[in-house]
Amino acid sequence: MPATRFSSPYAHDINFIDEINVSSDQIPLSDYDLCIILGNLLDNAVNACLHMQKDHCYIKIRLLTTDDHKFCLFVKNPYPPAARPKKSPAGLEHGYEIQNIENIVNKYYGIMRITKNDAYKTDILIPIRNDV
């Protein structure tokens, strides 16, 4: 059964590990943009876990702020070969979800790094601007 934006990790027996150490006034994104980022990343993570044995399924998410005024969002999940997208004729490996996230991160002058090996890790850093 494919995951949807409304799928819960708990509904699929996925170990969900979270660390949230940020207050709402420290989040430099609109609620809408934050929901787009989290929804896409978590949906992709649930989909990847559906290709794993249940005892290897996990999603780790961290939201925090740094002393140098950056909002950080980290998501990590397994990256099994069965969950890896096939390359398109143009050589692209990801869909619109990642492009949407990149667009939002760029809108807030942030940076995003994706690392893929046994795990799929997305690291997002966005400056907290007090002048906005």
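Predicted model: local features only at pLDDT ≥ 70, side-chain atom pairs only at ≥ 80, totals over all residues.
Is Y120 buried or exposed at 14% relative accessibility?

Residues are numbered from 1 along each chain as its sequence is written, and side-chain values use heavy atoms, with hydrogens and water left out.

Let's start with the fold. The protein chain has two helices and five strands, and from the N terminus on the order is β-α-β-β-α-β-β. Helices here are DSSP runs of H or I with at least four residues, strands are runs of E with at least two, and both are numbered from the N terminus. Take contacts (heavy atoms within 4.5 Å) between residues at least 6 apart in sequence: 64% of them join residues at least 24 apart.

Of the 132 residues, 32% count as buried. Buried means under 20% relative accessible area, exposed means over 50%, and partly exposed lies in between, with a 1.4 Å probe and protein chains only.

Now back to my opening question. Y120 counts as buried, because its relative accessibility is 14%. The ring centres of Y79 and Y120 are 5.2 Å apart and the planes meet at 55 degrees, so the pair is tilted. For the cut-offs: rings of Phe, Tyr and Trp (its six-membered ring) pair if their centres lie within 6.5 Å, and planes under 30 degrees apart are stacked, over 60 edge-to-face, the rest tilted. The pair links distant parts of the chain, with Y79 in the loop between β3 and α2 and Y120 in strand β5 (residues 119-127), 41 residues apart. Y79 is buried too, at 10% relative accessibility.

Another tyrosine to look at is Y58: the charged end of K60 sits over its ring, 5.6 Å from the centre. That requires NZ of Lys or CZ of Arg within 6 Å of the ring centre and within 35 degrees of the ring normal.

H69, in the loop between β2 (58-65) and β3 (70-78), has a positive phi near 65 degrees without being a glycine. H69 is partly exposed, at 48%. Y109, also not a glycine, has a positive phi of about 60 degrees. Y109 lies in the loop between α2 (96-107) and β4 (111-116), and is exposed at 60%.
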